[in-house]
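Subject: Structure handover

Hi,

Here is the structure I promised. Please open it alongside this note.

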Amino acid sequence: MAINLIGKAVAATTIILLASTSAHAAFKLDSRFTDNDGDLTADTPTDPAQQVDPDTLIFAYTPVEDPAVYAQVWDGFLKHMEDVTGKKVQFFPVQSNAAQLEAMRAGRLHVAGFNTGSNPIAVACAGFKSFAMMAREDDSFGYEMEIITYPGSGIDKVEDIKGNKMAFTSETSNSGFKAPSALLASEFNMKAGDDFEAVFSGKHDNSILGVANKDYPAAAIANSVLNRMVSRDVIKSDQVSTIYKSQTFPTTGYGFVYNLKPELQEKIKEAFFSFPWEGSTLAEEFSKSGEAKFIPITFKEHWDVIRKIDDANDVSYDCQ
């Protein structure tokens, strides 16, 4: 079975997540990339003619909630990046994971935060190089996948989802699709199509609002998003209840496209790690889920658990 991650709106390039009954090969990059240092991300071209040094850097945050809200949240950070890099920086309000992936693959996106589940696809197919993640003051990080329902839904435990609808976000999402699919199958012997009807909301906030408004009887979501929505009074905490909570996963990974000029890559890293959080709109928003700074990470180490979840789902990435 092949699931088109780009969707009907994008025809120029297709990135496909292949599900197979056979054991899939180890994670690997698209054939147009090299990985001579073994870090599982694309090497920056050594030929200066193949390196990119744009006048304006395009930045996109993972499409989790209202892009208009997050354009304001990231405004101070992007001004800081302008000061550090000497470049103009423009916020790109992507509407879907697929659009964000396609933009970087096509060279229209330079710096981004890709959500947990999209990171492997972005690395393999778009040349994404992640280097930072938000963390708490004590350097702890991450979020949990929760399966939520609403009071009075008749769903008191995971097994009660059988015969009902369950909302996922998108096929690229770790907490919104891949992790719950693997966990439901391994722990409860439940599969979409056989035991329940899967529907896709597109975003975590859509799934959360759908449950709160009783449109979906259950949904798999990232609790970091849920916590921020409760903090902003988008929903009330008593509108939803949790029936399953996973282990902790890494959160959004921040990075740049592989072919940026090396000096520019270093300046972008400097912008992330030198950003003054205190009193910023970034701190105001993300303190709701505990984050207070950026810490350095590697795709090879910090996304190991996510690649294992993909392995449990028997998926491999084929970039076409």
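First, the ground rules. This is a predicted model, where local features need pLDDT of at least 70, side-chain atom pairs count only at pLDDT 80 or more, and totals for chains, interfaces and linings use all residues. Residues are numbered from 1 along each chain as its sequence is written, and side-chain values use heavy atoms, without hydrogens and water.

Helices (H or I, at least four residues) and strands (E, at least two) are DSSP runs, numbered from the N terminus.

H3 and H4
The axes of H3 (residues 97-105) and H4 (residues 119-126) come within 10 Å and cross at roughly 25°. Axes are lines fitted to C-alpha atoms, for helices over the stretch in contact, with angles from 0 to 180 degrees between N-to-C directions. H3 and H4 are therefore roughly parallel (under 35 degrees). Leu-101, Met-104 and Arg-105 of H3 meet Ile-121, Ala-122, Cys-125 and Ala-126 of H4 (contact: heavy atoms within 4.5 Å).

H2 and H8
H2 (residues 75-85) and H8 (residues 262-273) have axes that come within 9 Å and cross at roughly 135°.

H6
In H6 (residues 204-212), 7 of 9 residues are buried (under 20% relative accessible area, 1.4 Å probe, protein chains only). Among them are His-204, Asp-205 and Ile-208. The buried residues pack against strands S7, S8 and S10 and helices H5 and H7. Just after H6, Lys-214 has a positive phi of about 70°.

Best wishes

Terms used: Angles under 35 degrees count as roughly parallel, over 145 as roughly antiparallel, 65 to 115 as roughly perpendicular and the rest as oblique. Buried means under 20% relative accessible area, exposed over 50%, partly exposed in between (1.4 Å probe, protein chains only).
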